[in-house]
Structures are given as C-alpha cells and as structure tokens.
Amino acid sequence: MEHFKSYFFDFPSVKEESSPTIGSEYEYFLMSSPLTPVPLEGPHSLYQLIEDLGKELSQFHEVQPILEQGRVIGFKGAGGNVTIEPGGQLEFSGDPVSFEHFSNAATLRFLAALGRVSKRHQVHLLAEGTHPVLTLEQVPLVHKKRYHIMFPHMQQVGTRGQQMMKLTSSVQSSLDYFSQEDLERKFVLCNRLSPFLACLFANSPLLAGSVSGYKSFRYHI
C-alpha cells in the first residue's frame, strides 16, 4: 500500500508548483467507406497506416517505433505518443505543455500528417464517442497481448467493458497536482464539471445503427 501511495504522492516533489502542465489525448475511429473498420493487415491496413504515419512524422521529430508481435503498433517522440486502442482507434497523447504557454502545435502537426496518410490509404476519420453503426463482433481486436487478456476479463467485472474497449473514443486531459489537498480539489472539480461537458459535447446517440436513448452513450458507458 505504501508503494501504491508513493506513486501518487511522490510525484509533486519533481514538479514546481509555479509551472503546472496539462496533457491531452485525442482518439479517432479509422474507417474504410462505408463505415467499416480498417483491416488490421494488408497494403491499406491499420498497421501499414501506422508505419506510414511514423515516417510522415519523422520529418518533424525523431520517432521511436513501438513493436509487438513483429508489428508496429505505435511510436514515441512525435511531440507525444501515438498508440492504437483495442478496436483500432488511433490515439495521440501529446507531451505535457505548460498552462502559461499552452500550444496545440504538436496535435495540429499530428492531425495534418494523419490526414495525408489517411488520404493515401482511403481511410476516413470518425470522431464520435461511440461508433454509430458497428457491433462488437464486426470490430477486430488489435494484436496487443494485454488487450487479449482484458477483453474476456471485462465480461466478469461489468456490463459495458467490451463496448468501451472496441466501440468508444474520446478526448481526455491530465492535470498536474502538487499536494493531496490540490489533488482532492481538482478531482472533485473535474468530476462536478464532467456532466456539463458531456452535455455540451454529446455526439453519440447511436449504437449499432439504432437510437440508444442517450445523447452520449459514451458517457453512459
């Protein structure tokens, strides 16, 4: 337990409270027309797109590929990290930037490069909280060992875990904290703001081609 606590409370000692940072993550579904998932392998596939995206971004940064089972499943150093989620969603996690000098330049470079590569592979980006058309069975599980452990386990610990893994995408942020009190204050504030943000940006009323009954089924999950 002490080791677990130290993960959270030793962190402030390496940060200056006068220079807090914010991190952001953006996830996108990658679709072949019409709204079908990009195949995992082949000349116009998820893994090939990832490789080509790394080459595209290497013009601006020195990128380091992330390999698993002989496949490139992401890379580091592109002003952040590029990874793939269980259902093939593409995620860009930007490097932390200061509140005072906030810039989304790295995110814009990533999106521009992704746009160029996607066009070559005839892939479309879909930025919705849940996939509006596809079912669990229609979305292949990517080749990451931990995902293949997590996916069956989700059936034992809840009702929506597998949908969360394969059928959702989101925008997320992370904030620095500098003491337990600061952590508690920010945690409470963010959780109180969360329903209002979900209301403002709700864009996932559909699930498997039908109206779900929720404006944001992603938030329900």
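**Close-up views of a predicted model**

Figure 1. Pro65 stands opposite Phe75 in β4. In this predicted model, strand β3 (residues 64–68) runs antiparallel to β4, and five bridges join the two. The hairpin that β3 and β4 form has two residues between the strands, and Gln69 takes a positive phi near 55° there. Strand β4 covers residues 71–76 and is mostly covered, with five of its six residues buried.

**Figure 2. Pairing and hairpin of strands β4 and β5.** Lys76 has Asn81 in β5 as its bridge partner. Three residues lie between the strands of this hairpin, and Gly77 in the turn has a positive phi of about 100°.

Figure 3. Strand β5 (residues 80–84) pairs with β6 in the antiparallel sense over five bridges. Asn81, the bridge partner of Lys76, also stands opposite Ser93 in β6. The hairpin of β5 and β6 has five residues between the strands, and Gly88 in the turn has a positive phi of about 90°.

**Figure 4. Gly87 in the loop between β5 and β6.** Gly87 is placed in the loop that lies between β5 and β6. With a relative accessible area of 15%, Gly87 falls under the 20% cut-off and is therefore buried. Gly87 and Pro37 are 50 residues apart in sequence, and their C-alpha atoms are 8.7 Å apart in space.

**Figure 5. Burial of strand β6.** Strand β6 (residues 90–94) has five of its five residues buried, so this strand is largely enclosed by the rest of the structure. In a regular strand the side chains alternate between the two faces of the sheet. For β6 both faces are covered: Leu90, Phe92 and Gly94 are buried on one side, and Glu91 and Ser93 are buried on the other. Strand β1 (residues 21–32) pairs with β6 in the antiparallel sense over four bridges. Within this pairing, Tyr28 stands opposite Leu90 in β6. Strand β6 also pairs with β5, over five bridges in the antiparallel sense.

**Figure 6. Nonpolar surface patch that includes Tyr7.** Met1, Phe4, Tyr7, Phe8 and Phe9 make a nonpolar surface patch of about 620 Å². Tyr7 is located in helix α1, which spans residues 2–9. The relative accessibility of Tyr7 is 65%, over the 50% cut-off, so Tyr7 counts as exposed.

**Figure 7. The largest pocket and its lining.** The largest pocket has a volume of about 1,100 Å³. Its lining is made by 31 residues, of which Ser170, Val171, Gln172, Ser173 and Leu197 lie nearest the centre of the pocket. The elements that give two or more residues to this lining are β1, β9 (171–175), α6 (180–201) and α7 (217–220). Helix α6 gives the most to the lining, with 10 residues. Strand β1, one of the elements named for the lining, also pairs with β6.

Technical notes
Residues numbered from 1 in each chain as written. Predicted model: local features only at pLDDT ≥ 70, side-chain atom pairs only at ≥ 80, totals over all residues. Heavy atoms only, no water. Buried < 20%, exposed > 50% of the residue type's maximum accessible area, 1.4 Å probe, protein only. Pairing = 2+ DSSP bridges. Patch = residues over 30% accessible without salt bridge, like charges linked within 9 Å, V, L, I, M, F, W, Y side chains within 5 Å. Areas by Shrake-Rupley, 256 points an atom, 1.4 Å probe, with all protein chains shown as cover. Salt bridge = Lys/Arg side-chain N within 4 Å of Asp/Glu carboxyl O. 1 Å grid on protein atoms, 1.4 Å probe; cavity = no way out; pocket = protein on both sides within 12 Å on 5 of 7 lines; lining within 4 Å. Points joined across faces, edges and corners; volume = space filled by probe spheres on them.
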